[in-house]
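Hello,

Here is the structure I promised to pass on to you. My notes on what turned up in it follow below.

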Amino acid sequence: MLAIFGLGVSTSKYVAQHRATDPSRAGAIVGFLLGISVVTGAIAALALYACSPWLASKSLANPDLSQLLRICAVMLMAATFNSVQTGALQGLEAFRQIAQLNVFNALV
């Protein structure tokens, strides 16, 4: 939640607000929030990756989980980026495309 930082909701709100009246501004907002998502996702992913041995052994009491936490760090980065993309689609009311992407994500 810290990495996603509410970016999907913000994207949805501003795209819906500006899509008809000022599409270029809506596009600029999406681009800006995608950039922010890359930064926050990278910071959170790097922190999780770096702390994974400690988290696995101390918090989870199972050092074998360290590698899985590192894999989750990569997934965290992708989830952060995905939240902004989904928010943009919600703002555009592209619900069919959202459903298709959710099916694809579930299969992957």
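Cys 51 is partly exposed, at 37% relative accessibility (buried is under 20% relative accessible area, exposed is over 50%, and partly exposed lies in between, with a 1.4 Å probe and protein chains only). Before going further, a word on the source: this is a predicted model, in which local features need pLDDT of at least 70 and side-chain atom pairs count only at pLDDT 80 or more, while totals for chains, interfaces and linings use all residues. Residues are numbered from 1 along each chain as its sequence is written, and side-chain values use heavy atoms, with hydrogens and water left out.

Back to the cysteines. Searching the whole structure gives zero disulfides (a disulfide being a pair of cysteine sulfur atoms within 2.5 Å). For Cys 51, the nearest cysteine sulfur belongs to Cys 72 and is 14 Å away. Cys 72 is likewise in no disulfide, with the sulfur of Cys 51 as its nearest, 14 Å away. Cys 72 has a relative accessible area of 37% and is partly exposed.

Next, the core. The largest nonpolar core has five residues: Ala 45, Leu 48, Ala 56, Leu 69 and Ala 73. By nonpolar core I mean a set of buried Ala, Val, Leu, Ile, Met, Phe, Trp, Tyr and Cys residues joined through side-chain atoms within 4.5 Å. Helix 2 (23–59) and helix 3 each supply at least two residues of this core, and helix 2 gives the most, with three. Helices here are DSSP runs (H or I, at least four residues), numbered from the N terminus.

Pro 63 sits in the loop between helix 2 and helix 3 and is exposed, at 55% relative accessibility. Not counting residues up to four places away in sequence, Pro 63 touches Ala 56 and Ser 57. The C-alpha atoms of Pro 63 and Ser 52 are 9.0 Å from each other, although these residues are 11 apart along the chain.

Ser 37 is also worth a look. This residue of helix 2 is buried, with a relative accessible area of 0%. Beyond its neighbours within four places in sequence, Ser 37 is in contact with Leu 7, Thr 80, Phe 81 and Val 84.

On a 1 Å grid over the protein atoms alone, a cavity is a set of points where a 1.4 Å probe fits but cannot get out, and a pocket is an open set with protein on both sides within 12 Å along at least five of seven lines; lining residues have an atom within 4 Å of a point.

- The largest pocket holds about 160 Å³ of space. Its lining consists of Met 75, Ala 78, Ala 79, Asn 82, Phe 104, Asn 105 and Val 108. Five lining residues are nonpolar, two are polar and none is charged.
- There is one cavity of 30 Å³ or more, and the largest cavity holds about 30 Å³. Asn 82, Thr 86, Leu 89, Ile 98, Leu 101, Asn 102 and Asn 105 line this cavity. Helix 4 gives the most to the lining, with four residues.

Best wishes

Technical notes: Points joined across faces, edges and corners; volume = space filled by probe spheres on them. Nonpolar A, V, L, I, M, F, W, Y, C, P; charged D, E, K, R; others polar. Contact = heavy atoms within 4.5 Å.
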